[in-house]
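Biologist: I'd like to go through this structure with you and ask how you back up each label. Shall we start with how the chains are arranged?

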Protein chains: 2
Amino acid sequence: MTAEYRELYRDRAVMITGGLGFIGSNLARRLVELGADVLLVDSLIPDSGGNLFNIDGIADRVRVNVADIRQQTTMNHLVRDRDVIFSLAGQVSHIDSMRDPYTDLEINCRSQLTVLEACRNHNPKVKVVFAGTRQVYGRPDSLPVDESHLVRPTDVNGINKAAGENYHLVYNNVFGVSACSLRLTNVYGPRQLIKHDRQGFIGWFIRLAIQDQAIHIYGDGSQLRDFVYVDDAADAFLRAGASDACNGEVFNVGGDEPISHRDLTALLIKVAGRGSVKYVEWPASKKAIDIGSFYADSTKFKRTTGWTPAVSLADGLRRTVEFYRAHFSEYVPDEPEAERL
Amino acid sequence: MTAEYRELYRDRAVMITGGLGFIGSNLARRLVELGADVLLVDSLIPDSGGNLFNIDGIADRVRVNVADIRQQTTMNHLVRDRDVIFSLAGQVSHIDSMRDPYTDLEINCRSQLTVLEACRNHNPKVKVVFAGTRQVYGRPDSLPVDESHLVRPTDVNGINKAAGENYHLVYNNVFGVSACSLRLTNVYGPRQLIKHDRQGFIGWFIRLAIQDQAIHIYGDGSQLRDFVYVDDAADAFLRAGASDACNGEVFNVGGDEPISHRDLTALLIKVAGRGSVKYVEWPASKKAIDIGSFYADSTKFKRTTGWTPAVSLADGLRRTVEFYRAHFSEYVPDEPEAERL
């Protein structure tokens, strides 16, 4: 698959759930460039990632419908006449899922049925690409992790995301609603929520560096992660949405360069020109659901779609730091604009 | 572990959800014999398996509380002061889960959180044994299937059961609520629902044989299954409930003798002295979620608890046929008593 997957989106009716969120809004920018008819559905639940500033500059070229994917009749209406649905709405905090497992279940598990039932009954020819997560694997048996690894989540969020993913495969296989899942590792870049620290550590680290504060690393910082720049993640969604070969399959979508927390923060501080690191004890609530080192083998997705990450970690961090410096108050409204260096 | 696991239940406070159902009521009989304080919780949802006749003969030695596990406040109350909970309440029809995925989700997935949250907040020292299912494996990659096989369900029921099971492991690992899951294969025996054919084929086959009717086999009858007599299944629950080594683990609980549908029905017809077989085309709705041949490797559970199935298929079928002949109208109330041979 070469560049023609991009052509496919011209004049195509696309819907993105979680469309005002981090990955959703970056994907929307790409789709607008490609000439798609873009419908963004977002509940704008406070503190969950949706942010109207995320579509600054493209707001007049997309349609925004504020709605909650938990609402069956709303979804029944919205899925009609869409060619491709990118299912990115989700509750992404692992810690929140342990405090309030029901809300996580409603959003990550039950609502996936809501969208899929809407498709089954009102638009069965649609293609759905689900934003899965490497969290479903839990603590890996060996590294790198490919799709043959057991699904064995360590927290409620991972369980509900696994169920949500599995619904897509069953609806693909049984009801003919074309669907696949991308198991994303750590995605980072502009437009991520950095207001609080409950949605993954990378955005939070970037914020602390910009604010010249101490980044707290749990343990010795040796744990490995792989990172995907958000434009590369958006490209993965575009490719999956255009590929029939992806239907009924799950794919890891991870970065090429696993890196320790120690090296990551050193790079970030160098790129930002400020910030510091402090090593601290693991908080018990986080240690209990920690997965240790993780990095993904994305060979299956690369082979199927030709995808490959294009943005290096150093480049990606540079672009991200620049973005938040320019727009800090849009993402951290309660605090003063970060000093620009 | 020898016979002392039985001693452990004397005067112990036990709760069985789905306690008026098939496996639950047989387990209750064993617990009454062992001198346990037995609380049976059942919603008595019509057509779901709960049947007051199932406790005929022990009704004065158990406490029955009609309640739905979906009710959080009810569960908060009922779990208090229980030493062991056997979580057997479930929606067991694969076909129903595809027609009405939400009810299956509420019962098999969300309600497991309800019970576990009740334990976490009101009785964290309890031990919970969850009735899992081999359905979570989907179509096996190879046979026999052990616990290292991927979880890849082919229907909504299997997805929700997998999520329900995973909650138990996370609550064990993170919140200290001791829990494990038994992935049961085809359990058969007295007190199973045989009123309709949507809860597995084995009870339905037995009913048809007793009524001297034609048993319909889909395809050529070569598909393999393993069977567990309900007393052996009850013994598995007793052992798991008494074993700390089981905590945080999943176990296959299957039969020792895989057998084809063809040979199974021949044996059943011989045991019953009546009935016949008719080979028919697969209905599309069933073919779409069929898992092909399946039999489990239960080595892990045997090694951990000393369990081994004691009742052969021929013996088990004989006892089952005798039971339903004696009590047919209690299980198929709308039809005349089966002629006794």
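This is a predicted model: local features need pLDDT of at least 70, side-chain atom pairs count only at pLDDT 80 or more; totals for chains, interfaces and linings use all residues.

Biologist: How do you know that the same surface serves both copies?

Modeller: Of the contact residues of chain B, 100% recur in chain A. The contact takes in 23 residues of chain B and 23 residues of chain A; a pair counts if the C-beta atoms lie within 7 Å. On the chain B side, α5 (101–122) and α6 (156–175) are the elements that give two or more residues, and α6(B) gives the most, with eight. By class, that side has 17 nonpolar, three polar and three charged residues.

Biologist: What makes β3 and β11 of chain B edge strands?

Modeller: Look at the order in the open sheet of seven strands in chain B: β3-β2-β1-β4-β5-β6-β11, with parallel pairing. β3 (63–66) and β11 (250–253) of chain B each have a single partner strand, so one side of each has no neighbour in the sheet.

Biologist: And how do you know that β1 and β2 of chain B are paired?

Modeller: Pairing takes at least two bridges. Five bridges join β1 (residues 13–17) to β2 (residues 37–42) in chain B, and these strands run parallel. One example is Met15(B), whose bridge partner in β2(B) is Leu39(B). Helix α2 (residues 22–33) of chain B packs on the sheet too, touching β1, β2, β4 and β5 of that chain.

Biologist: Over to chain A. Why is helix α7 of chain A called largely enclosed?

Modeller: A residue is buried if 20 or more other C-beta atoms lie within 10 Å of its own. Nine of the ten residues of α7(A) (residues 201–210) are buried, so the rest of the structure largely encloses this helix. Among them are Phe201(A), Phe205(A) and Arg207(A). Their cover includes β7, β8, β10, α9 and α12 of chain A.

Biologist: What puts the buried residues of α3(A) on the same side of the helix?

Modeller: The buried ones are Met75(A), Leu78(A) and Val79(A). They cover an arc of only 90° around the axis, so they share a side of α3(A). The buried residues of α3(A) pack against β1, β2, β3, β4 and α5 of chain A.

Biologist: Last one: why is Asp81(B) called exposed, while Asp212(B) counts as partly exposed?

Modeller: Exposed is 12 or fewer C-beta neighbours, buried is 20 or more, and partly exposed is in between. Asp81(B) has 12 other C-beta atoms within 10 Å, so it is exposed. Asp212(B) has 15 inside 10 Å, so it counts as partly exposed. Asp81(B) sits in the loop between α3 and β4 of chain B, and Asp212(B) in the loop between α7 and β8 of chain B. Asp81(B) has a positive phi near 65°, and for Asp212(B) phi is also positive, about 60°.

Terms used: Residues are numbered from 1 along each chain as its sequence is written. Chains are lettered from A and ligands numbered from 1 in the order in which they are written. Two residues are in contact if their C-beta atoms, placed from the backbone, lie within 7 Å. Helices (H or I, at least four residues) and strands (E, at least two) are DSSP runs, numbered from the N terminus. Ala, Val, Leu, Ile, Met, Phe, Trp, Tyr, Cys and Pro count as nonpolar, Asp, Glu, Lys and Arg as charged, and the others, Gly among them, as polar. Axes are lines fitted to C-alpha atoms, for helices over the stretch in contact, and angles run from 0 to 180 degrees between N-to-C directions. The arc is that of the directions from the helix axis to the C-beta atoms.
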